[in-house]
Amino acid sequence: MKADARRALPAVGALLELEGVRRLLERAPRGLVAEVVRSVVDDARRAGVPAPDDDARWLEAIEARLAQRQLPSLRRVINATGVVLHTNLGRAPLAPAALEAMRTVASGFSNLEYDVAAGARGSRHTHCAALLAELTGAEDALVVNNCAAALVLALNTLSDGREAVISRGELVEIGGSFRVPDIMAKSGATLVEVGTTNRTHADDYRRALSPRTGAIVSVHRSNFAQEGFVASVPVRELVPIAAEGGVPLLHDFGSGLLVDLAPWGLTGEPTARDAVRAGASLVLMSGDKLLGGPQAGVIVGRAALVAALRRNPLARALRVDKLTLAALEATLALSRDPARAVSGIPALALLTAGVGALEERARRLAEALAARGVRGRVVPSEATVGGGAFPTARLPSAALALDVEAPDRADARLRAARVPVIGRIVEGRLLLDLRGVLPETDDELAALVAEALS
Ligand SMILES: *Cc1c(COP(=O)(O)O)cnc(C)c1O
């Protein structure tokens, strides 16, 4: 059997001569097509099955394998998880204005480091600084690669070889690969832990101050909340203690919320302006969480300290590119007006959408799917903000609970779609939560689910 099958296999060279395969050379280099043909033949040999003798089926197998090989690794997915700022799914989607700014700047040359008025070299650090100062009330600002980089740069500049005082309750892990103590240690500062896991008092900080102290660090508990017998010292009470010690106070603020979302029902998360007003010397945050922009680390605060950070050679290693600056500047410009921010910045639009609108979209999705033989029920759901912000907030949402026999298998089929659909399984039900789905992809979502499950 096996020997027969092997003998029946066509030669790689012969397959490459097929009319259909030759046409593939128009969209793929010859080396890749040859490799794909070889691997398809190898698989047929290994499987030991009688090889198909008709060319059409070989061509089909070769085309499918080539398409798979040409898929980009980094792809778009549909976020039906109910976690809006999902770190694994790329956090904030960018505003159309941000995409346009990136295109404009990237498709030609730019004044990235050129002072057009002076006709001389300029600094990339000028680009978002004034806008950030305006939006947060800080004296000056600096943009680096992400918030982790911001913390490393700030500590390395202000506390290298010296002690950085931090509460044991704030030695936290955020988003898997970000552990505050590990990041701090890499900056060259020696950690001095004060207080206990659940309680830290003002006196704990005071007692830790010494001539060796380089900075006091306060980390926003952005992805968890402590309840019960707990005490911590808010930033505004750390300000006089840092002043007594003559050291800067660094506030790792995380979320980067620029717009007060209380009018839209999201309360409890301070804005960057609130954080600056509380009085820390430097406030650090992410660009791609509630700020709704590209991955970036935003540092705002005292002008003299920001200038010192800029002079640190590490700032060169942690600097952002023109694409990031373009997208960030456009996002910041939208943030000047809360109403425009909430409608124009996708992350904020998703977070503030009314639950009635989500229910209506879920109903329409259910109808579109029913027409294609896929059944589901609209159910109330609870979404979360994600991205280390509003850790305890549960956003009312609407989901489609798919009527499938094996949720795990259906979930895998959805993830294997042309555009992967990422849902979540709750108590044995496969849910597609509309809170994180961009409304303009609703029709596409229906088509993808129908293709995958019917
Ligand atoms: C998210 C977060 C970070 C890490 O931010 P990146 O931009 O992902 O590096 C650091 N600190 C806090 C408080 C955060 O919430």
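Axes are lines fitted to C-alpha atoms, for helices over the stretch in contact, and angles between N-to-C directions run from 0 to 180 degrees. The model is predicted: local features need pLDDT of at least 70, side-chain atom pairs count only at pLDDT 80 or more, and totals for chains, interfaces and linings use all residues. Residues are numbered from 1 along each chain as its sequence is written, and side-chain values use heavy atoms, with hydrogens and water left out.

**View 1. Packing of helix H6 against helix H15.** Helices (H or I, at least four residues) and strands (E, at least two) are DSSP runs, numbered from the N terminus. The axes of H6 (residues 96-106) and H15 cross at roughly 145 degrees and come within 8 Å. This crossing of H6 and H15 is right-handed; the term applies if the near helix is turned clockwise from the far one by less than a right angle, and left-handed if anticlockwise. Contact means heavy atoms within 4.5 Å. From H6, Ala97, Ala98, Ala101, Met102, Val105 and Ala106 meet Lys322, Leu323, Ala326, Ala327, Ala330, Thr331 and Leu334 of H15.

**View 2. Packing of helix H7 against helix H15.** An angle of about 30 degrees separates the directions of H7 (residues 129-136) and H15, and their axes lie 10 Å apart. H7 passes H15 in a left-handed crossing. Leu131, Leu132 and Leu135 of H7 make the contact with Glu329, Leu332, Ala333 and Ser335 of H15.

**View 3. The largest nonpolar core.** A nonpolar core is a set of buried Ala, Val, Leu, Ile, Met, Phe, Trp, Tyr and Cys residues joined through side-chain atoms within 4.5 Å. Buried means under 20% relative accessible area, exposed over 50%, and partly exposed in between (1.4 Å probe, protein chains only). The largest such core has 67 residues, and Ile216, Val300 and Leu332 have the most contacts inside it. Helix H15 (residues 322-335) gives the most to this core, with seven residues. At least three residues come from each of domain 2 (78-88 + 348-453) and domain 3 (95-337); domain bounds come from an automatic or database domain assignment.

**View 4. The surroundings of Ile216.** Leaving aside residues up to four places away in sequence, Ile216 touches Val165, Tyr205, Leu209, Leu238, Ile241, Ala242, Val247, Pro248, Leu249 and Leu250.
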